[in-house]
Amino acid sequence: MINAPSRRAFFAGTLAGTFAGVTLPAAADAADAFGAAAALPARPNFVVILADDLGWGEIGSQGQRLISTPNLDRLAAEGVRFETAYSGAPLCAPSRCALLTGLHAGHGTVRENPEGGPQRSLTGADLTFAELLQLSGYRTACIGKWGFGPELPGQDSHPNLRGFDEFFGYIGHVHAHQYFPKYLWHNGAKLRLDGKSYAPHLFRERAVEFIRQDGDDPFLLYYATNLPHSPSVIAGDAGRYESRPWSGPNRRHAAQVARLDNDVAALVRALRDAGVAERTLVLFTSDNGPHSEKGVTPELFDSNGPFRGDKRDVYEGGIRVPLIAWSPGLRARVVKQPVASWDVLPTLADLAGVPVPAQLDGHSFRGLLTGAGARKHDHLVWNRPRKAQAIRRGRWKAVRFAPHISGAGPEGRVELYDLAADPGERRDLAAARPELAEELLERLDRSIGEDPRVPYGLRSEIADGQVVVTLHNGSSVPWRSVRLGLDGPRELRSHPVERVDPGTAIAVGFPLAAAGRGRITARAEFDADGRSHVFRRRHHDTTGDAPAR
């Protein structure tokens with residue numbers, strides 16, 4: 001667990017330095033952030049960088065020619081570039097839900113953006129990759145755009161309750177459109193600002209501080225920047241793009257992407273300076289395809305590469321995104337096998353040696369990082385309720401529009417594409433192959449329904465003078481030699497239980513008086529797949545501003 005700075009120290013350090021301005025690395029200096037090869041450990045640190053509305057073709061390694069992204073290009077050249085990577089949805093909230101939980105938008109809690117109603121939220125039943133790693137001893141931080149409401153502390157959708165020891169940024173979806181906000185959230189409290197500070201400056205500085213914190217525990221940094229989402233707002237002018245013969249929004253959009261590229265270099269440099277780069281895996285991706293909002297024209301930049309559509313579309317341009325994995329221990333390679341953002345949770349669990357939750361839609365792509373190969377998806381699903389859906393199986397992709405959506409008539413519309421021969425989705429084959437289209441849509445319908453997961457993890461509650469500790473085996477393998485307890489000056493332990501099968505739970509009560517004073521931390525020890533595991537979780541005090549995790 002980390003000790004977050006006090007609000008006064010936070011202002012005096014991170015924010016004060018940020019108000020004075022940030023020096024971006026020059027191209028040569030940025031290159032120095034990347035270094036020699038080293039072995040990737042069994043429990044690496046993770047830095048998951050999520051761009052906001054960055055298109056597949058907006059980085060140089062994937063064909064971009066107008067916007068310079070030398071740092072991301074070097075990550076791609078030295079690491080693993082996934083040529084066929086998909087987001088969880090063609091827009092923000094459901095895509096982030098898929099990334100965090102390992103479920104596609106046909107099963108996940110959040111399946112659409114707030115449109116004409118309140119922002120949908122995660123729930124206490126959602127297990128994020130942060131909560132999974134936190135249980136096993138990682139210190140965790142979410143910095144940037146969370147994207148799920150409501151804007152209240154102590155509720156189940158708050159990042160602190162979904163596995164993050166520290167949170168600094170925007171909670172809600174709409175608030176993240178403000179690049180010079182009047183406030184940001186730091187854990188359970190609003191941090192008041194003067195409206196003159198550029199949020200990406202603040203995020204980068206806080207992320208660097210988190211990386212530099214001393215400690216023996218591995219860490220997870222989820223860096224969810226709001227760049228380059230509209231509006232196209234930057235600090236200062238558009239730099240090298242200021243004199244380009246483009247519209248103002250396009251010049252500033254290019255500057256936003258360049259700023260994002262420099263932020264990535266700053267994080268990698270921080271890893272190097274802290275001496276932890278060799279023990280860290282960096283994943284870089286985007287939440288959906290490029291936007292065409294407030295004057296930005298993605299056609300100018302060829303932002304979606306060879307693909308059709310952009311943000312909000314279930315065509316490839318709306319869901320095909322960059323995905324780069326970098327660590328000094330990885331050999332450079334390009335992966336063509338399709339992967340999706342809902343594969344991230346099982347991949348992180350696999351690399352961290354944590355039992356992977358059962359009933360996920362995602363698979364670990366660990367083997368694709370090393371060249372050993374990984375399980376292939378039978379099919380991939382995208383779901384925009386009451387609007388559009390898509391399914392890819394092998395080379396074939398079916399798209400279905402609801403009635404009166406995107407030009408569809410009262411009966412809706414179905415399209416079928418051969419992505420191997422027609423990656424731009426220009427030749428609709430639904431009329432020529434109706435049986436195949438029907439088969440894919442039947443499979444799509446079977447893939448949409450209730451959340452299939454079972455409870456997973458460690459819980460505690462106080463009842464009848466006891467602290468009741470419950471361990472849920474939500475994995476697919478038995479957990480053996482299970483012992484529950486409480487950490488503290490007087491460590492309390494139960495007698496071991498020989499076996500807890502998948503889908504079952506064990507609970508033990510401990511006298512509250514014996515737990516001592518202070519914060520209560522539940523503990524579980526068990527063996528799974530030939531490895532010993534220890535889970536810890538602090539008891540949540542609902543009377544406080546921020547949760548005790």
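Colleague: In this predicted model, at what angle do helix 6 and helix 7 pack, and how are they oriented to each other?

Modeller: Helix 6 covers residues 199-212 and helix 7 covers residues 248-273. Their axes are 9 Å apart and the packing angle is about 15°. Angles under 35 degrees count as roughly parallel. That makes helix 6, relative to helix 7, roughly parallel.

Colleague: Which residues make that contact, and what is the hand of the crossing of helix 6 and helix 7?

Modeller: From helix 6 the contact takes P200, H201, R204, A207, V208, I211 and R212. From helix 7 it takes R259, N262, D263, A266, L267, A270, L271 and D273. The crossing of the two helices is right-handed.

Colleague: How many residues in the contact of helix 6 with helix 7 are nonpolar, polar and charged?

Modeller: The charged residues of this contact number five, and the polar ones two. The nonpolar residues number eight. In the order asked, the division is eight nonpolar, two polar and five charged.

Colleague: How are helix 3 and helix 7 placed relative to each other?

Modeller: Helix 3, residues 70-78, packs on helix 7 with the axes 7 Å apart. The angle between them is about 55°. Helix 3 and helix 7 are therefore oblique.

Colleague: Which residues of helix 7 meet helix 3, and how does the contact divide by class?

Modeller: The helix 3 side consists of P70, N71, L72 and L75. These meet D261, N262, V264, A265 and V268 in helix 7. By class, the contact of helix 3 with helix 7 has six nonpolar, two polar and one charged residues.

Colleague: How many cavities of 30 Å³ or more does the structure hold, and what is the volume of the largest cavity?

Modeller: A search of the whole structure finds three cavities of 30 Å³ or more. The space in the largest cavity comes to about 50 Å³.

Colleague: Which elements give two or more residues to the lining of the largest cavity?

Modeller: The lining of the largest cavity is made of A85, Y86, T285, V321, L323, V339, A340, S341 and V344. Seven of these are nonpolar and two are polar, with no charged residues. The elements giving two or more residues are strand 3 (85-86) and strand 12 (339-340).

Colleague: What lines the second largest cavity, and how many of its lining residues are charged?

Modeller: The second largest cavity has a volume of about 40 Å³. Its lining consists of Q337, P338, V339, D343, H363, S364, F365, L368, A374, R375 and H377. Five of the lining residues are nonpolar and four are polar, and the number charged is two.

Colleague: What is the phi of N187, and where is N187 found?

Modeller: N187 is found in the loop between strand 6 (183-186) and strand 7 (189-192). N187 is not a glycine, although its phi is positive, at about 55°.

How values were computed. Residues numbered from 1 in each chain as written. Predicted model: local features only at pLDDT ≥ 70, side-chain atom pairs only at ≥ 80, totals over all residues. Heavy atoms only, no water. Axes fitted to C-alpha atoms, helices over the stretch in contact; angles between N-to-C directions. Helix = DSSP H or I, 4+ residues; strand = E, 2+ residues; numbered from the N terminus. Parallel < 35°, antiparallel > 145°, perpendicular 65-115°, else oblique. Left-handed = near helix turned anticlockwise from the far one by under 90°. Contact = heavy atoms within 4.5 Å. Nonpolar A, V, L, I, M, F, W, Y, C, P; charged D, E, K, R; others polar. 1 Å grid on protein atoms, 1.4 Å probe; cavity = no way out; pocket = protein on both sides within 12 Å on 5 of 7 lines; lining within 4 Å. Points joined across faces, edges and corners; volume = space filled by probe spheres on them.
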